[in-house]
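Hi,

Here is the structure I promised to pass on. Please open it alongside this email, and my notes follow below.

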Amino acid sequence: MTGTVASGLAVPWGIAFLPDGSAVVTERDSRRVLRLTPGADGTADVDELGEVVAAAPEVEGGLLGVAVSPDFATDDTLFVYATTNEDNTVFRVTLDGDEFGQPTPMLTGIPKGVIHDGGRLAFGPDGFLYVSTGETGDPGLAQDPDSLAGKILRITTDGDPAPGNPEAGSPVFSLGHRNVQGLAFDESGQLWASEFGDQTFDELNRVEAGGNYGWPEVEGRGGGRGFVDPVQTWSTAEASPSGLAFADGTLWMAALRGQTLWQVPLEGSGTGRPVDLFTSDYGRIRTVVTTPDGDLWIATSNRDGRGEPADEDDRILLVSLG
């Protein structure tokens, strides 16, 4: 069962739930930060909290991911990822009621491009913030251990490299990524990532500390050579994956070009056969998140400048798993 939570949106990119059940939503191109407060009928009131004026939207860059501090009840803190005029930056901002504070840079120097800016944020069960970055259209950066591009980073809430990272003093958790826009932790605490391929294979990866996922040497399964193979691949026409969520023993992967929500059951340390849902029903699907009730919200991305717009605007939909 699906239903519209909110419409009239413009490229909603990040969604994160607050302890009171409302959600913070970022819009990539408008730079707006919204609060969606669901009502009894399943639709949500939409209020603008503020704008991240440092964001400089261009093609795939702009105001991207958002995460809520695990200690939000006491620190009122949000984290957002934005492409600025100089780089990609993770900002920290205080939300006091409806008062959206001044965003403060807490991790800077992530390379930017007009494409492949990554941008997803997710707190792990260890309390550290995981940050996905893209290689900005410069494939060699993904294999450069000294670059923050083409990586998954693991940092503290102060922006410092998290203790226990593969290399002390470095925020890099894994490397060899082309453009990761989906991060999700399963019930065991395992990290999974969805990743855009180039011309052949998109990927779903089981992420391990220090793992090298092959780009640009390998696209899809590479058969060894020190690289970690994806657990699932799709053609780029079937997927072009962005958001990723875990619920009900399953990974749920949003697909842009494929205009699909992929249901990928977990089986042991691997996955079962993926099932495509809602193909072409809602257009490009950018983001999927698990709600506090264990259902899903999905966000469309039909006004992002790619493909043919399927709707008059973008919207967020509820997918009931009950």
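Which residues have the most contacts inside the largest nonpolar core? They are Val52, Leu78 and Phe100, in a core of 18 residues. Please keep in mind that this is a predicted model.

**Cores**

As general background, nonpolar side chains in soluble globular proteins tend to be buried together.

Beyond its neighbours within four places in sequence, Leu78 is in contact with Leu18, Val24, Ala67, Val68, Phe72, Phe91, Arg92, Val93, Leu95 and Phe100.

**A glycine in a loop**

Gly118 sits in the loop between β10 (104-110) and β11 (121-123). Is Gly118 buried or exposed? Its relative accessible area is 1%, which is under the 20% cut-off, so Gly118 counts as buried. Leaving out neighbours within four places in sequence, the contacts of Gly118 are Trp13, Leu64, Ser132, Thr133, Gly134, Asn179, Val180 and Gln181. Between the C-alpha atoms of Gly118 and Gly189, which are 71 residues apart along the chain, the separation is 22 Å.

The largest pocket has a volume of about 750 Å³. Its lining has 30 residues, and Ile15, Ala16, Leu121, Ala122 and Phe123 are the closest to its centre. Elements that give two or more residues to this lining include β2 (12-17), α1 (72-75), β15 (180-185), β19 (241-247) and β24 (285-290). By class, the lining of the largest pocket has 22 nonpolar, seven polar and one charged residue.

How is the lining of the second largest pocket divided by class? There the numbers are four nonpolar, seven polar and ten charged. This second pocket has a volume of about 420 Å³. Of its 21 lining residues, Glu60, Phe196, Ser240, Arg284 and Arg306 lie nearest the centre.

**A cavity**

The structure holds one cavity of 30 Å³ or more. The largest cavity has a volume of about 50 Å³, and its lining is made up of Arg178, Glu195, Phe196, Gly197, Glu203, Tyr213, Trp215, Val218 and Glu219. Four of the lining residues of the largest cavity are nonpolar, one is polar and four are charged.

Happy to talk any of this through.

Best wishes

Key
Residues are numbered from 1 along each chain as its sequence is written. This is a predicted model: local features need pLDDT of at least 70, side-chain atom pairs count only at pLDDT 80 or more; totals for chains, interfaces and linings use all residues. Side-chain values use heavy atoms; hydrogens and water are left out. A nonpolar core is a set of buried Ala, Val, Leu, Ile, Met, Phe, Trp, Tyr and Cys residues joined through side-chain atoms within 4.5 Å. Buried means under 20% relative accessible area, exposed over 50%, partly exposed in between (1.4 Å probe, protein chains only). Contact means heavy atoms within 4.5 Å. Helices (H or I, at least four residues) and strands (E, at least two) are DSSP runs, numbered from the N terminus. On a 1 Å grid over the protein atoms alone, a cavity is a set of points where a 1.4 Å probe fits but cannot get out, and a pocket is an open set with protein on both sides within 12 Å along at least five of seven lines; lining residues have an atom within 4 Å of a point. Grid points are joined across faces, edges and corners, and a volume is the space filled by probe spheres set on the points. Ala, Val, Leu, Ile, Met, Phe, Trp, Tyr, Cys and Pro count as nonpolar, Asp, Glu, Lys and Arg as charged, and the others, Gly among them, as polar.
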